[in-house]
Amino acid sequence: MIQIVDKQNCCGCYACYNICPTKCIHMQSDVEGFGYPVVEIDECTECGLCEQVCPILEDKTAGNYEPLAYACINNNETIRLESSSGGLFSLIAEQVIDDGGVVFGANFNENFEVEHSCVEIKGELEKFRGSKYVQSRIGETYKQAKQLLKSGRKALFTGTPCQIDGLKSYLGKFYSNLLCVDIVCHGVPSPGVWKKYVDYRQAKASSAAQRISFRRKDDGWKRYSVSFLFENNTEYRKTLNKDLYMRAFLKNVCLRPSCYACQFKTIHRQSDITLADFWGIDHMLPDMDDDKGTSLIFVNSKAGQAMIEKIADKMKFKEVDINEAVKYNSAAIKSVDTNSNREKFFEELHKLTFDELVKKYCTDKLSIRVKRKIKAVLKKILMKVRLFGLAKKAAGRK
Ligand SMILES: Cc1cc2nc3c(=O)[nH]c(=O)nc-3n(C[C@H](O)[C@H](O)[C@H](O)COP(=O)(O)OP(=O)(O)OC[C@H]3O[C@@H](n4cnc5c(N)ncnc54)[C@H](O)[C@@H]3O)c2cc1C
Ligand code: SF4
Ligand code: SF4
Ligand code: SF4
């Protein structure tokens, strides 16, 4: 039976939850807002299935397929602008639907929580488009995918690398009608922190949010912005380095513990295709950089290669050296370092307001030091000016 002793050893993939034959595993949020499995011991038959499917506990063997990397741009400009990078997810998903399949991905629900679901018509793919920088709840979607695959339906499952490993472990066998697409994954922030931020923004706007986007490209793809559209027709929009939530995310202060020791970062992946932002495109292939978004993709299997050939006439693409591309995107192969403020950030999560939290724990130490130095120098100058004034006055009186 699964027991979480060290939280770094659970990526929250839901494989154990989906496999348990007696449904005695519940996913419960901890104080940080991340879901972990909790077993109702009285109902457990000690069948051991939960441990067998856990992707953290399994031995990882690298496949023998040598991955290829490409820079890609979807020819459909509208969809590309709605997407985080070059819009490759939508091209692949549309092809799967054209082939009679279903698509699984991460979407916002009516409360702006992030969860996985599936769609089978192209018009509904929009809800999966765009990165949501929050851990997505898998729920029962592995079970749903298995039923569809067993019935012979084609399926595309998209998610983080650990979600794809979790799905594959849960399925336990190869399905030729399944295509898996993962992302290069920086790490996933806490749904609890995200909820606090949504509440904070709604309170500031005195209105409920209607639409949220993490990756608006109005000021360019490289300087993307976070946007909230509210029911009172106002909009909040800030670039990534100014938005409070993105600052916390990129400072690695609120990621899931497993993301600091991620076992799924490699160029030899379980997925058929990996999607990423092509950071470094301006150096490697300036011709493919118009600052509207270029995707970096890894093709990790024959099925992945077959898909890319099918959609080739709907995109611009060029093969690149995978090792060179990864130099600009270390998140593909390397976990982020733990922020030394992480513990204190979560200790005060429910005590401070969102802006207080970010100001206190996500401001560069260097800039605080620099600010202090500037203050001290200004103070000295002011003192000197005052002393000079006093001396002048005294001299005048003589
Ligand atoms: C949490 C997170 C961290 C990321 N970190 C990096 C990084 O460090 N470097 C990098 O190059 N790229 C990273 N990406 C990937 C990148 O932001 C784009 O999602 C990717 O390039 C696909 O873009 P696209 O234009 O093809 O399609 P888009 O339409 O932008 O992509 C949508 C796809 O992303 C999936 N998705 C969205 N949110 C989530 C989520 N919370 N959990 C699981 N799947 C999700 C959807 O299901 C869909 O498959 C990250 C994405 C996420 C969600
Ligand atoms: S051992 Fe079997 S019954 Fe018990 S929690 Fe795990 S999967 Fe469920
Ligand atoms: S990593 Fe996945 S399968 Fe393993 S314990 Fe956590 S939720 Fe369960
Ligand atoms: S960093 Fe690793 S453990 Fe964290 S969500 Fe991404 S793939 Fe999963």
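Q: If Ala, Val, Leu, Ile, Met, Phe, Trp, Tyr, Cys and Pro count as nonpolar, Asp, Glu, Lys and Arg as charged, and the others, Gly among them, as polar, what makes up the shell around ligand 3 by class?

A: The shell holds 13 nonpolar residues, one polar residue and no charged ones. Keep in mind that this is a predicted model, where local features need pLDDT of at least 70, side-chain atom pairs count only at pLDDT 80 or more, and totals for chains, interfaces and linings use all residues. Residues are numbered from 1 along each chain as its sequence is written, chains are lettered from A and ligands numbered from 1 in the order in which they are written, and side-chain values use heavy atoms, with hydrogens and water left out.

Q: What makes a residue part of the group around ligand 3, and which are the closest?

A: A residue is near the ligand if one of its heavy atoms lies within 4 Å of it. The group has 14 residues, and the closest are Cys 10, Cys 11, Cys 13, Cys 16 and Cys 54.

Q: Why is Ser 225 called buried?

A: Buried means under 20% relative accessible area, exposed over 50%, and partly exposed in between (1.4 Å probe, protein chains only). Ser 225 has 1%, so it is buried. Gln 163, with 3%, is therefore buried too. In the chain, 51% of the 398 residues count as buried.

Q: How do you know what Gln 163 touches?

A: Contact means heavy atoms within 4.5 Å. Leaving aside neighbours within four places in sequence, Gln 163 is in contact with His 116, Ser 136, Ile 138 and Tyr 142. The C-alpha atoms of Gln 163 and Ser 136 are 9.4 Å apart, although 27 residues separate the two along the chain.

Q: What makes a stretch a helix or a strand, and how many of each are there?

A: Helices (H or I, at least four residues) and strands (E, at least two) are DSSP runs, numbered from the N terminus. The chain has 14 helices and 13 strands. Gln 163 belongs to helix H6 (residues 161–171), and Ser 225 to strand S9.

Q: Why are S9 and S10 said to pair?

A: Two strands pair if DSSP finds at least two bridges between them. S9 (residues 225–230) and S10 have five bridges, in the antiparallel sense, so they meet the definition of a pair. In one of them, Val 226 has Lys 238 of S10 as its partner.

Q: What makes S8 and S10 the edge strands of their sheet?

A: The open antiparallel sheet runs in the order S8-S9-S10. S8 (209–216) and S10 (235–239) each pair on one side only.

Q: How do you know how helix H7 is turned against S9?

A: Axes are lines fitted to C-alpha atoms, for helices over the stretch in contact, and angles run from 0 to 180 degrees between N-to-C directions. H7 (residues 191–205) packs on the sheet, touching S8, S9 and S10, and makes about 55 degrees with S9.

Q: Which strands form the eight-stranded sheet, and what lies across it?

A: The open sheet has the order S5-S4-S6-S7-S11-S12-S3-S13, with mixed pairing. Its edges are S5 (114–119) and S13 (315–320). S3 (residues 68–74) and S13 pair in the antiparallel sense over six bridges, with Ile 73 opposite Lys 316. Helix H5 (residues 141–150) lies across S4, S5, S6 and S7, at about 165 degrees to S4. H6 lies across S5, S6 and S7, at about 150 degrees to S7.

Methods
Ala, Val, Leu, Ile, Met, Phe, Trp, Tyr, Cys and Pro count as nonpolar, Asp, Glu, Lys and Arg as charged, and the others, Gly among them, as polar.
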